[in-house]
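Welcome! Take a moment to look over the sequence and the 3D view before reading on.

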Amino acid sequence: MTDKMTLIVVKKTGHVLGVVTRESDPEGKLEPADVAGEKLLVRFVGSPGPLFEVARFLVPADELALEVKDFDPMIVPRARDFVLNADKQAVATSGTAAVPDPPPSIMQVTVNASAAVTVKTPVWIQISSSTDPTDTQVRQGEIDVNESGVDIDVLPLNSGSLYYVLALVGGHDQLVQDITAP
Amino acid sequence: MSDPVARPVFFEGQILGALDLQDSVEYSRGRDARHSRYLHTWGIATGLELSEKGKQLEISGTTFDYKEISVSPGMAIDGRGREIIVPEGRRLSESDFDQLNVAVQDKEALYPVLLIGRDRSAPASNFSMGDCATPEPTRQVEDFEITFRGPGEDLDLLDQTPPDISDGPGNGTGNAWLVLLGYVKWDNNIKKFTGFDVVSGGIGRRYAGVLADEVAARGGSLQLRTRTKSESGKPAIVLDETDGGELRFGLLNAAGIVTPVLTVKANGDIITPGTVQSKSSSGTVYVQSGLATDGVVLPLPTGVKPEDVAPDKGTLHVQVSMRLEGLVPPANPAGADWAPVPIECSVDADRRVRCQVRWVQIAAAPTFVDLPGVCDYVLLVGIPATGG
């Protein structure tokens, strides 16, 4: 069995969304689209519950990067519990992010870290319609030092509609939250 | 329409006029020009390299750096078949450039430097036919001119109008043929050159070449290389009669001998110490295997492109099975016993894995939790042989 694995990560935050290995040419060049298609299907994110079962996201391949690492049997079965740190090493996520519902407006979504951050922390979100996963938008932001959250501008949401938000805050656990546009 | 080529002939007792002698010269010039035009491609034959020398200029107490740009001696053949010879190095003239009014404010803009062949009459001879006759020059100097154009005005250099089939090289008047030597940068504030380049936007110096449908060696060995002189470390191809015939590609060593990285022998053997990569070949089965998590598109084997597995092309065979080894049960409730049950392990038409495991809590009142799974996969791509 190969001793290498390819992690599929979100470029902005390093969160691992999937893993693939190849017995033949395990370190050969791959592009994100080779293992994601145009969009990577991401489902069953966060903690088990009603939302966990239904929320699914199609993450555009150009938001992704690939990292070849030594095979680690601890990472493969629970890959989404890991994130690449600044040294590109896969480490377990810690801390719970939050997305308050309802958001402040139809044009902003708030993302909070578990506490005030000590370094500038990247934030990546994907917002998908609860009824149409192809109705989606990806937005990015950063939580400034000594702040615990950031308001991210989004394309106008349909007032009263339900959306699923996949929120990735640097180093934190992956989060799925449903929000209703005010 | 092109005129027929007329060769001067003479007869005993003929009184020769200047035109008869001139026609003799023009006949040879025309023949040389047609040879250059139709058996060669136009461009730089040798030399004509741009070089720079750093200089400083002081204006109102402020020092500015600039460059003196020169062209080295050399020769080019233009598209009329005319030889253009620069007999000695020539510094590019800032005043000539300035007078052309091609400058723009962008200091990084690259201006084409162009060589043109021009005839110039030599000084008149001291000899005359009589006191009333005006002395005439007895030589035409095959001179040259260096000119410039504005940035980007080099796109038409490959589309210059060729002369008629029987024409000679001309005298450089009319539509002059432009030979690109490189590009210069210009500072319009100090009216000086600030540097040069040999390529701009993928367009660069063009070298003279050969038009040939048959190239034959006389000594049993033919070499094709990328430099005029044999230089160590530069690539070359050799076709010779070693072992009954051999084609070798590699880099030249200091002795001018190719160190082959690819050899094709007369018996069909192909020898290389490197790897051979190619697009998928017909009549072949490619295999890839490994493991993948839910949502991932299974990667194709190396050498197989997505178009190879399009409908009516290659055949894709996929086998996936849920990987139970190392599965991690739900964390809550802590200490509970769980049993995994595969409920989904498949691959869709896009090779996307859908793998889901249902965890059943072993308790009096069982609860269920569905989690994403991991699958082992084997993927085979069959590329049919040509013709089926």
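**Where two chains meet**

Between them, chain B and chain A bury about 2,200 Å², and 55% of that is on carbon and sulfur atoms. Keep in mind that this is a predicted model. The size of an interface is often given as the accessible area lost when the parts come together.

**Who takes part**

- On the two sides, 30 residues of chain B are in contact with 29 residues of chain A.
- Three residues, B:Leu291, B:Asp294 and B:Arg352, supply 20% of the area that chain B buries against chain A, more than any other three residues.

**Polar and charged links**

- The interface of chain B and chain A holds 2 salt bridges.
- In a salt bridge, the side chain of B:Asp294 meets that of A:Arg43 at 2.9 Å, N to O.
- There are also 12 residue pairs in polar contact across the interface of chain B and chain A.

**The side of chain B that touches chain A**

- At least two residues each come from strands E20 (284-293), E23 (353-361), E24 (368-372) and E25 (374-383) of chain B.
- E20(B) gives the largest share, 7 residues.
- Sorted by class, this side of chain B has 15 nonpolar, 8 polar and 7 charged residues.

**A sheet in chain B**

- Now for a sheet: 4 strands of chain B form an open, antiparallel one in the order E9-E8-E10-E11.
- Its edge strands, E9 (140-148) and E11 (192-197) of chain B, each pair on one side only.
- On average, neighbouring strands of this sheet are turned by 40° against each other, direction ignored.
- Strand E8 (residues 111-121) of chain B pairs with E9(B) over 9 bridges, in the antiparallel sense.
- For B:Gly117, the bridge partner in E9(B) is B:Phe144.

Notes. Residues numbered from 1 in each chain as written. Chains lettered and ligands numbered in written order. Predicted model: local features only at pLDDT ≥ 70, side-chain atom pairs only at ≥ 80, totals over all residues. Heavy atoms only, no water. Contact = heavy atoms within 4.5 Å. Buried area = accessible area lost by both parts, 1.4 Å probe. Salt bridge = Lys/Arg side-chain N within 4 Å of Asp/Glu carboxyl O. Polar contact = N/O pair within 3.5 Å; in protein donor to acceptor, adjacent residues only side chain to side chain. Nonpolar A, V, L, I, M, F, W, Y, C, P; charged D, E, K, R; others polar. Pairing = 2+ DSSP bridges. Axes fitted to C-alpha atoms, helices over the stretch in contact; angles between N-to-C directions.
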